[in-house]
Amino acid sequence: MKDPTLVRLVGGILALLVVASALGAVLASRARSDAARATAANLNARIRAWWLMVAVFTIAVWTGGIGSIALFALMSLLALREFVTLAPTRREDHRTLLWSFFAVTPLQYLLIAIRWYGLFAIMIPVYAFVLVAVSNVIAGRTDRFLERTATIHWGLMVCVYCVSHAPALLMLQIPGYRANAKLLVFLVLVVQLSDVLQYVFGKLFGRHRIAPAISPNKTWEGFLGGVLAASAVGTALWWATPFSPGEAAAMSLAITLAGFAGGLVMSAIKRDRGVKDYGNLIEGHGGMLDRIDSLCFAAPVFFHLTRYFFTP
Amino acid sequence: MIAGLIASLARLVSGVSIFFLSGPPDERQRVYFANHTSHLDFVVLWSALPARARDRTRPVAARDYWGRGALRRYFSEKVFRAVLIERGRGSITAARTTIEQLVAEMGDRSSLIVFPEGTRGSGEEVAPFKSGLYHLCRQKSEVELLPVYLDNLNRILPKGEMLPVPMLSRVVFGRPMYLESDETKPRFLERARDAVRALQDL
């Protein structure tokens, strides 16, 4: 955390949280009806959880690369456990799951730590893909084989491969740009702010549902308001990135749109399995996967856009 | 101290959500009975209890598994203070000795965790209960019975596997029940099994 720009970014986030907590307190004191009180209580639980999440994230970024990589590895494991809990896996898949948790996931993050981009990019789509299928074949049970195997593939892709692209930003060599941790903060900030602002705009102005069958709380008003506002914030943060203001706007828009898609897809999986949340790890937010569903899709898209356009 | 750490570790590995349908158990003496699908069962049930109830609760476990090997014996004796029983000897006198042993180990203070199915099932169905639970309750009819449903532990550590896959699990503590004075053995065992099964879909 020697980089003064990074200090300013984190300071800005903390200021934002102070404002949010103050607003939450005002809303709670003004709530008259039971419904309003419940909404305010849920909002304040979410804000308290945000303090904790920001604290953990800041400490991780503060410690440099290893801290961030370890934090995202842990997030992947927590997300994967929530994902697999809902999967129709059986006893015969036990060994495959052990491999996924204790070999594939740590290895993916180890590859980031040692900056081996080539293997990082293909380890899960090629080697884990084959390993999972073969391991399930060796276990010898064929009923719902494709469903069971594909679910583990999906769990590894979404919870490990996709999420790992966030800390992988640290290994990009961008000419004239240092301390890539700022890029990681930029991604996470824009993605999560987009989520929060979609929620806020949806609560304030939401009228027209965008996908009632998948996520009843998502509205066009929330989507447009959240995406545009978060992109505006991302654009305003161009000084912390290697991008020009225009490029920062385009990147922010890509992040928020991919994030929105991720949220919808992960919701569809929840509806299919008949649950509201993936877990109850984070008070007011649900499970780890409920919190990072947007990041799952935004991280690899942002990583590769940055890598393609901004590295030699 | 060690027990508290082990309980935290067990809750972490099993990612357990805990539900109490009639409030967290106090220190009163009772018999917890649950479905059985994994070696983790009693560890997770025990770790889900509030610390003060946990201190007084002893799992009933098979000597042929938990009494074998130094590490397992250390845990079963020192940490869980398990009541180790002989399994599958089949004779009526042996069964009677086991019940007497359980009653003696309970004293007027300890609670027990028992798995009346007798052996680990596949996790899909709760098997019919063995009669031990009935005979124990005949001896200790004043003691509260608490049905417990353990969900997903069979997938975390299935039969025959050494290492757990850290998925999420659920422990549901039901409402207390007692053995009625005029209740026949089959009716009681079926009622107890239904009480566990009723927690399955909550």
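Guide: Two strands pair if DSSP finds at least two bridges between them. Helices (H or I, at least four residues) and strands (E, at least two) are themselves DSSP runs, numbered from the N terminus. The model is predicted: local features need pLDDT of at least 70 and side-chain atom pairs count only at pLDDT 80 or more, while totals for chains, interfaces and linings use all residues. Residues are numbered from 1 along each chain as its sequence is written, and chains are lettered from A and ligands numbered from 1 in the order in which they are written.

Visitor: In what order do the 7 strands of the open sheet in chain B stand?

Guide: The pairing in this sheet is mixed. E2(B) and E6(B), for example, are parallel and share 5 bridges, whereas E6(B) and E7(B) (residues 169-173) are antiparallel and share 4 bridges. Written out for chain B, the order is E1-E7-E6-E2-E5-E3-E4.

Visitor: Which strands stand at the edges?

Guide: An edge strand has a single partner strand, so one side of it is left without a neighbour in the sheet. In chain B the edge strands are E1 (16-20) and E4.

Visitor: By what angle are neighbouring strands of this sheet turned against each other on average?

Guide: Axes are lines fitted to C-alpha atoms (for helices over the stretch in contact), and angles run from 0 to 180 degrees between N-to-C directions. For this average, direction is ignored, and the turn is 20°.

Visitor: How many residues of strand E2 (residues 30-34) of chain B are buried?

Guide: A residue is buried if 20 or more other C-beta atoms lie within 10 Å of its own, exposed if 12 or fewer, and partly exposed in between, with C-beta atoms placed from the backbone. Arg30(B), Tyr32(B) and Ala34(B) point one way from E2(B), and Val31(B) and Phe33(B) point the other way. E2(B) is mostly covered, and its buried residues number 5 of 5.

Visitor: Which residue in E5(B) stands opposite Phe33(B)?

Guide: E2(B) runs parallel to E5(B) (residues 111-114), and 3 bridges join them. Towards E6(B), the bridge partner of Phe33(B) is Pro147(B). In E5(B), the residue opposite Phe33(B) is Val114(B).

Visitor: Which residue in E7(B) is the bridge partner of Val148(B)?

Guide: Val148(B) in E6(B) is also the bridge partner of Ala34(B). E6(B) is mostly covered, with 7 of its 8 residues buried. In E7(B), Val148(B) has as its bridge partner Phe173(B).

Visitor: Why is Trp46(B) called buried?

Guide: Trp46(B) is found in helix H2 (residues 41-48) of chain B. Two residues are in contact if their C-beta atoms, placed from the backbone, lie within 7 Å; leaving out residues up to four places away in sequence, Trp46(B) touches Arg54(B), Thr57(B), Pro59(B), Phe80(B) and Ile113(B). Trp46(B) counts as buried because the number of other C-beta atoms within 10 Å is 23.

Visitor: Which residues of chain A does Pro166(B) touch?

Guide: Pro166(B) lies in the loop between H8 and E7 of chain B. Pro166(B) counts as buried because 22 C-beta neighbours lie inside 10 Å. Not counting residues up to four places away in sequence, Pro166(B) touches Val13(B), Gly15(B) and Ile156(B), and in chain A it touches Arg81(A) and Phe101(A).

Visitor: How many residues of chain A are in contact with chain B?

Guide: On the chain B side there are 11 residues in contact. These divide into 6 nonpolar, 3 polar and 2 charged (Ala, Val, Leu, Ile, Met, Phe, Trp, Tyr, Cys and Pro count as nonpolar, Asp, Glu, Lys and Arg as charged, and the others, Gly among them, as polar). On the chain A side, the number of residues is 12.

Visitor: What is the phi of Asn152(B) near?

Guide: Most residues other than glycine have a negative phi. Asn152(B) lies in the loop between strand E6 (144-151) and helix H8 (153-156) of chain B, and Asn152(B) counts as partly exposed because it has 18 C-beta neighbours inside 10 Å. Its phi is positive, near 80°.
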